[in-house]
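Hi,

Here is the structure I promised to send over. Have a look at it first, and then read my notes below.

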Amino acid sequence: MIDIKFPDGTVRQYNKGINSMEIATSISEGLARNVLSAKFNGKVQDALLPINESGEIQLLTWNDEEGKATMWHSSAHLLAEAIEQLYPGTKFGIGPNIENGFYYDMDLGETVITLDDLVIIEKKMIELIQQKQNFIRSQVTKTAALEYFTKKGDEYKVELITDLPDGEITFYKCGEFTDLCRGPHLPNTAQIKAIKLLSVAGAYWRGDEKRKQLTRIYGITFPKKALLDEYLAFLEEAKKRDHRKLGKELELFTFSNRVGLGLPLWLPKGAQLRQRLEDYLKKVQKEAGYLPVITPHIGSKELYVTSGHYAKYGADSFRPITTPNEGEVFMLKPMNCPHHCEIYRSSPKSYRDLPYRLAEFGTVYRYEQSGELHGLTRVRSFTQDDAHIFCSAEQVKDEFKSVIDIVLRIFTALDFKNFITQISVRDPKTPEKYIGSDENWEKAEREIIEVAQEKGLEYIVVEGEAAFYGPKMDFMVRDAIGRKWQLGTIQVDYNLPERFDLDYVGADNQKHRPVMIHRAPFGSMERFVAVLIEHCAGKFPLWLTPEQVKILPISEKYIDYAEKVLTYLNKYDIRALIDHRNEKTGRKIRDAELERVPYMIIVGEDEENNNNLSVRQQGGVDLGQMSMEDFASIISKEVEKMA
RNA sequence: GCUAUUGUAGCUCAGGGGUAGAGCACUUCCUUGGUAAGGAAGAGGUCAUGAGUUCAAAUCUCAUCAAUAGCUCCA
């Protein structure tokens, strides 16, 4: 007998060799139906794997992330099985579960899969589900595994196996399809009740753009049909929040091919919104001791050779600009830091001048690959809310912390709750990608991690994501569809001060090298606004929204009174407009709702006689009649609240 | 940049080898209204661009450009 301990602390005895599914059955049939896999002594495994020793068990269902992962991983196998039947001879790459579903990469030769084909593949998968196939686990030697896939002609699997360490290799067989796989898997395909293949795309084998591009099919499955419907409805809702769609509808920004790819044009309403964000940050920065500076949009090529940007990105930049007579070479500014270094150098600095904080809303230009451009989140011309803090080594941590405070203050003000703090460090395997000494890098990486701990931030550390001149702390936020975007960034840099030979005179009357902190709380105004739009679905906070109030006269007879109300509100800096159109009130309300105007004021005979207003809040809340004074004070208070 | 899909009116989309369609938006007129679409009339498009096939191309073919999804990249 073995002792099995459950998460609630109870212990039950079972015969040696029992599996998790049987354990579940011993508790209840209902539980057994829902078990997808199990965690035994901390390791996720098949529900049908025999258990031969005492230990702790957790039965995994759809409500556990690992349970979902098991279903999706098995679904990937099911997809491959369907593909193998429909397209014999297909070679398979990898087919993992992902955050929302799964994909499988495969080489279909000349065959092209279209969206129509996905429906056919789905049908085949449903057919296979109905056959109630078991996932059968087996262990083979590496030699036997290589032999199997060599014979099958699947060079991708052969490559994967070759890279595995010597020893036993696990196979899973589902129907006629056998795959190399660590598992775990579902006991049976019948546990999958709903399937949706979402998209088909190309993906480089092993993520290497020099290697062959395989066909990738994305899909998702559920243990209940209703859950699939729910998910599809969620995707539909997310589409409505897409900043590209809302940006057009709310007239915030546009693009024109006559101007160029990835070069955003801010429309009046979008520009207003952006300027309010900028003004807010300017105020915060003024309080925090930043000094505003302004630098040109181009800079001598030599400047970027000095900074190292030219060696790193020169080939991928917009082509340099050359003056007609002298033949001098300039680059479009891809970064503000070299310019700010030159500002630092413009006069001798003493330790008394530090920290020296230079801030600029600096527009930069980067040649992003055409396939990367995406609305406002990835563009070729964007404005960083950039600043560079030059400080002594002793000041780094305090400065870094106060920058974190600014980032968090902004995120709080805009209600960004679900952000991820990511610390990006070097990839030790590719030292050639970075400039500067190991010693400087280690110091900078250590300091960032210490600061994060001292500030009590929850963070993840990702190797290989550092900038070429230093490690960084990024604040990532998800868009409507769940894609992650980097917004705020803070970077510690010991390298550029050396390259630009920056110094200051210390209290000891000796020259010292300052440390630089690059930071941008919004990151880029373009990307930040994009994510903000998706976060609030176009319903901006009152202090930011371009149009706060729409005045709706019941009929043309009350336009004069509406004008009087407008004049009053303007005195309080309330942004209001009158809907002069010859339309019924219901229509004016509908259009104001679609424009996401936070407050609608309705004025007609009653209001004119009482010298007051009827107020409707966005979304249909009727606040009733009130005086102009009261209304102005409600608005002013709500606006002040955020500061 | 790569793979796939898409490109028809300002917007959302239907159609499809033989005279270009709808709804919304727009203009004018009627209507003067009470919390999410009042009524009528009108105007608006070389069907992304270029070539090819054809008696005839918006429709079929190819190329180019652009958008979308994903991959790769992201100072």
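**Contacts with the RNA**

Start at S370: an N or O atom in the side chain of S370 sits 2.3 Å from a phosphate oxygen of RNA strand B. Keep in mind as you read that this is a predicted model. H374 does something along those lines too, with a side-chain N or O atom 3.5 Å from a phosphate oxygen of RNA strand B. With E209, the partner is a sugar or linking oxygen of RNA strand B, and a polar side-chain atom of E209 lies 3.1 Å from that oxygen.

Which elements give two or more residues to the surface near RNA strand B? They are β14 (194-204), β15 (213-222), α8 (243-249), α11 (309-313), α18 (585-594), α19 (605-610) and β34 (613-617). The largest share comes from α18, with six residues.

Taking the whole surface, 51 residues surround RNA strand B, and Q213, M335, E372, N582 and R587 are the closest. Sorted by class, that surface has 20 charged, 16 polar and 15 nonpolar residues.

**The largest pocket**

The largest pocket holds about 1,700 Å³ of space. Its lining has 49 residues, and Y313, R366, E368, R378 and K472 lie nearest the centre. By class, the lining divides into 18 nonpolar, 17 polar and 14 charged residues.

Elements that each supply at least two residues here are α11, β23 (381-391), β24 (419-425), β26 (472-478), β27 (484-493) and β30 (515-520). β27 gives the most, five residues.

**The second largest pocket**

This one has a volume of about 570 Å³. It is lined by 18 residues, and N100, L198, Y231, L235 and I481 are the closest to its centre. Two or more residues come from each of β14, β15 and α7 (225-241), and α7 gives the most, with four. The lining has nine nonpolar, five charged and four polar residues.

Why does the second largest pocket lie between domain 2 (68-238) and domain 3 (273-536)? Because both domains give residues to its lining.

Cheers

Conventions
Residues are numbered from 1 along each chain as its sequence is written. Chains are lettered from A and ligands numbered from 1 in the order in which they are written. This is a predicted model: local features need pLDDT of at least 70, side-chain atom pairs count only at pLDDT 80 or more; totals for chains, interfaces and linings use all residues. Side-chain values use heavy atoms; hydrogens and water are left out. A residue is near a molecule or strand if one of its heavy atoms lies within 4 Å of it. A polar contact is a pair of N or O atoms within 3.5 Å; within protein, one must be able to donate a hydrogen and the other to accept it, and residues adjacent in sequence count only if both atoms are side-chain atoms. Ala, Val, Leu, Ile, Met, Phe, Trp, Tyr, Cys and Pro count as nonpolar, Asp, Glu, Lys and Arg as charged, and the others, Gly among them, as polar. On a 1 Å grid over the protein atoms alone, a cavity is a set of points where a 1.4 Å probe fits but cannot get out, and a pocket is an open set with protein on both sides within 12 Å along at least five of seven lines; lining residues have an atom within 4 Å of a point. Grid points are joined across faces, edges and corners, and a volume is the space filled by probe spheres set on the points. Domain bounds come from an automatic or database domain assignment.
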